[in-house]
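Subject: A structure for you to look through

Hello,

Here is the structure I promised to pass on. Please open it next to this email, and then read my notes on what turned up in it.

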Amino acid sequence: MNPNQALWEKGDFTQIAQTMRQSGAALVAQLGITEGLKVLDLGCGDGTTAIPEAKLGATVLGVDIARNLVEAGKDRAKAEGLTNCTFQEGDATDLHELTDQSFDLLVSIFGAMFAPKPFDVAREMVRVTRPGGRIVMGNWIPGDPTLVAQILKISSAYTPPPPEGFLSPMLWGVESHVIERFEQAGVAKENITFLKDTFTFNTSYPPSEYVKTFKNFYGPTMNAFEAAEKSGKAVELQQELEVLFTSQNKSTDTNKTSISVNFLRVTVTR
């Protein structure tokens, strides 16, 4: 199996996605979506941004490499009665089943950044977006002090080093790398803009429980715990993550979690 597919099918990302719904909808509300706009939501998961896009009247195709998330997205769209939101399996590095210049807007919020071969990903995103259309990415920022970068930093200390030639997905959060990738795909630098933004994870349970959600359902964290178990350090990893989640929790209710995370919003005008 494709290693990236295996990673995202390993757990059940819908459990994390449920904590991202409010911010997903709020972000979509800022994208100027109008009735009938053709939108590709790439790395869509179970529709955290795809479903709000469809609710605003867009015709939305959600594409994700994880088959379980595609099925979950279909179920959510059906439950919402959305006939203008469809989901299918696909790989952001090779969207051969999609025709050139077929979308007005391509959205990828913490999705395509995790695909390997980033130059291929940029090329494919540009290829399927029509001239005058837009690409909007939300990408986590490496070394950032907020939650996601710190989870990955802590986890990396417990896992074997990545294979030679591995490119960190977090490089999508570095402006110079984003520019290089899109320039190679034929986009002029002046058509790429950046905004540092925040995304909030909200749960109805405390930070210690939220750590368990990542441990049990989020592929990268699951891998870190498996490696930590083998080295006898699983308890240390658990403690480090609990300290992190608790320190970043801004909820005044001790039985809830609200954590705001910085990300880089990239807008490319085709």
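Predicted model: local features only at pLDDT ≥ 70, side-chain atom pairs only at ≥ 80, totals over all residues.

Is Phe 110 buried or exposed? Phe 110 has 10% relative accessibility, so it counts as buried.

Gln 101 also has a positive phi without being a glycine, with a value near 50 degrees. You will find Gln 101 in the loop between E3 and strand E4 (103–109). At 43% relative accessibility, Gln 101 counts as partly exposed.

**The parallel strands**

Now turn to strand E1. Four of its five residues are buried, so E1 is largely enclosed by the rest of the structure. E1 pairs with E2 in the parallel sense, over five bridges. Within that pairing, Asp 41 has Gly 62 of E2 as its bridge partner. To get from E1 to E2, the chain passes through helix H4 (residues 50–55), and this β-α-β crossover is right-handed.

E1 also pairs with E4 in the parallel sense, here over three bridges.

One of the contacts to look for is Leu 61, whose bridge partner in E3 is Thr 86. E2, helix H5 (residues 67–80) and E3 together form a right-handed β-α-β unit.

While you have helix H5 in view, find Glu 71, which belongs to that helix. Glu 71 counts as partly exposed, because its relative accessibility is 43%. Glu 71 and Phe 87 are 16 residues apart along the chain, and their C-alpha atoms are separated by 7.7 Å.

**The cysteines**

How many disulfides does a search of the whole structure find? The search finds zero. For Cys 44, the nearest cysteine sulfur is that of Cys 85, 8.0 Å away, and Cys 44 is in no disulfide. Cys 85 is likewise in no disulfide, with the sulfur of Cys 44 as its nearest cysteine sulfur at 8.0 Å. Cys 44 is buried, with a relative accessible area of 5%. Cys 85 is buried too, with a relative accessible area of 5%.

Ile 154 sits in helix H7, and with a relative accessible area of 12% it is buried.

Rolling a probe the size of a water molecule over the atoms shows where empty space is left.

The structure holds one cavity of 30 Å³ or more. The largest cavity has a volume of about 520 Å³. It is lined by 34 residues, and those closest to its centre are Phe 13, Gly 43, Ile 109, Phe 110 and Gly 111. Elements that give two or more residues to this lining include H1, E1, E2 and H7. By class, the lining of the largest cavity has 23 nonpolar, seven polar and four charged residues.

The largest pocket has a volume of about 1,100 Å³. Its lining is made of 35 residues, and Leu 7, Pro 162, Phe 166, Leu 167 and Pro 169 lie nearest its centre. Helix H1 (3–10), helix H7 (147–156) and helix H10 (219–230) each supply at least two residues of that lining. Which helix gives the largest share? That is H7, with five residues. The lining of the largest pocket divides into 23 nonpolar, nine polar and three charged residues.

Enjoy exploring it!

Best wishes

Definitions and conventions
Residues numbered from 1 in each chain as written. Heavy atoms only, no water. Pairing = 2+ DSSP bridges. Right-handed = clockwise from strand over helix to strand, strands pointing away. Disulfide = S-S within 2.5 Å. Buried < 20%, exposed > 50% of the residue type's maximum accessible area, 1.4 Å probe, protein only. 1 Å grid on protein atoms, 1.4 Å probe; cavity = no way out; pocket = protein on both sides within 12 Å on 5 of 7 lines; lining within 4 Å. Points joined across faces, edges and corners; volume = space filled by probe spheres on them. Nonpolar A, V, L, I, M, F, W, Y, C, P; charged D, E, K, R; others polar.
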